[in-house]
Amino acid sequence: MGIAALEDKVVQQAVVFILGAIYEEEFLGFSYGFRPGRNQHQALDALTVGLKRKKVNGVLDADMRGFFDSIDHEWMCRFVGHRVADRRIVRLIRKWLKAGVSEEGVWSETKVGTPQGAVISPLLANLYLHYVLDLWVQQWRKKQAQGDVILVRYADDFVVGFQHRAEAETFLEQLRERLREFGLELHPDKTRLFEFGRFAEDNRKRRGEGKPETFDFLGFTHRCGKTRKQGWFTVLRETASKRMRAALQKVKVELRRRWHEPIAVTGAWLRSVVQGYFQYHAIPGNIRRIGAYRREVARLWLRALRRRSQRHTMTWQRLAPLFERWIPRPRILHPYPSVRFDARHPRQEPCAVVPLARICAGGAG
């Protein structure tokens, strides 16, 4: 983490404002992280729509090892210089990158990486990956791919879908070489290429294998599924177990700190926590998981109330009205991915005035 001084934060924000206006015209449609007007749910919608509408039979779930700590300073300054002629801006960025780290009064130089926590770091990360990854993938898809290829990227976390297995393997090999040229590396244990798509379950069943593998993206586990009525292929999404356990652990720790607060105060805090959790995780198909989260929060609160006194009389039946009052009931707050995606990227219709929007890698091409 790098916490800048107040003066640096002001200057960095001004540079972000200037560079953001320049590079927003350059960034591609499948890039969603840390950009104005784009968020995680739009990236999730684009991924789901791409997996369902395109001929995807395999997925590359990629993870970069220590991305923010591996950014090459010289390449970064060269990338900025492609579009920014003002050398003062480049000099400022170089100074921020090489500011160094002070630990226990001892200063040490930073030769690679960008400090996480700095105002300008998200923009620099997007800029670096725009030249290293996005433009390269766009050209690879146009010149080398014979089948459908989709890509959705949020910061350094990205998922690529392929129609042909052979192309996926070639892409992965070339991607490793491409990243190595710019000081980056795929995590060997967290990067996977596996079968996923509308035919994955039937193909694996025919070979005597188990269900298709799942993958996590932006806090949700994605798995192959079918609709209840028609039996059509769909992408099922639910809160990742690791994400849910981490959220409940934070609630548990905070409840311990609030043991002696009035019940109304703790209840108001829990209501805001649960509502905030639902705002992100209450997507279609995830009602069971957010219901389980609510029940666990209620159980943790009951345990905390019981521990306030050795002669407790707290039971589920007695506290049920309390839970109903303070802990919101689960309900879906987000529309289906295709509905929101189509609203943002309308297709060509008769008499429509909007231009044709190509669905490429989850973004308008």
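This is a predicted model: local features need pLDDT of at least 70, side-chain atom pairs count only at pLDDT 80 or more; totals for chains, interfaces and linings use all residues.
I began with the second largest cavity, and I find it lined by Leu 255, Arg 258, Trp 259, Glu 261, Pro 262, Ile 263, Thr 266, Trp 301, Ala 304, Leu 305 and Arg 308. The elements giving two or more residues to this lining are α10 (263–281) and α11, and the largest share, three residues, comes from α11. I noted the volume of the second largest cavity as about 60 Å³.

I number residues from 1 along each chain as its sequence is written, and side-chain values use heavy atoms, with hydrogens and water left out.

For the terms used above, I keep to a 1 Å grid over the protein atoms alone: a cavity is a set of points where a 1.4 Å probe fits but cannot get out, a pocket is an open set with protein on both sides within 12 Å along at least five of seven lines, and lining residues have an atom within 4 Å of a point. Grid points are joined across faces, edges and corners, and a volume is the space filled by probe spheres set on the points. Helices (H or I, at least four residues) and strands (E, at least two) are DSSP runs, numbered from the N terminus.

**Cavities**

By class, the second largest cavity has seven nonpolar, one polar and three charged residues in its lining; here Ala, Val, Leu, Ile, Met, Phe, Trp, Tyr, Cys and Pro count as nonpolar, Asp, Glu, Lys and Arg as charged, and the others, Gly among them, as polar. I then searched the whole structure and found five cavities of 30 Å³ or more. The largest cavity holds about 110 Å³ of space, and its lining consists of Lys 252, Leu 255, Arg 256, Trp 259, Leu 300, Arg 303, Ala 304 and Arg 307. I see that α9 (241–257) and α11 (287–306) each supply at least two residues of that lining, which divides into four nonpolar, no polar and four charged residues.

**Pockets**

At least two lining residues come from each of α2, β8 (220–226), β9 (233–239) and α13 (337–344), with β9 giving the largest share, five residues. I count this lining by class as five nonpolar, five polar and eight charged.

The second largest pocket has a volume of about 560 Å³, and of its 16 lining residues the closest to the centre are Asp 157, Asp 216, Leu 218, Gly 219 and Arg 243. I find β1, β7 (215–217) and α9 each supplying at least two residues of this lining, and β1 gives the most, with three residues. The classes here are seven nonpolar, two polar and seven charged.

**The sheet**

As β1 lines the second largest pocket, I looked up its sheet, an open one of four strands in the order β4-β5-β1-β6 with antiparallel pairing; two strands pair if DSSP finds at least two bridges between them. The edge strands, each pairing on one side only, are β4 (149–154) and β6 (192–195). Between β4 and strand β5 (residues 157–162) I list six bridges in the antiparallel sense, and Val 152 has Val 159 in β5 as its bridge partner. Helix α2 (residues 40–53) packs on the sheet, touching β1 (58–63), β4 and β5, and its direction makes about 165° with that of β4. Helix α6 (residues 121–143) also packs on the sheet, touching β4 and β5, at about 175° to the direction of β4. For these angles, axes are lines fitted to C-alpha atoms, for helices over the stretch in contact, and angles run from 0 to 180 degrees between N-to-C directions; contact means heavy atoms within 4.5 Å.

**Lys 55**

My last entry is Lys 55, in the loop between α2 and β1. Lys 55 counts as exposed because its relative accessible area is 53%, where buried means under 20%, exposed over 50% and partly exposed in between (1.4 Å probe, protein chains only). Not counting residues up to four places away in sequence, Lys 55 touches Asp 148, Phe 162 and Gln 163.
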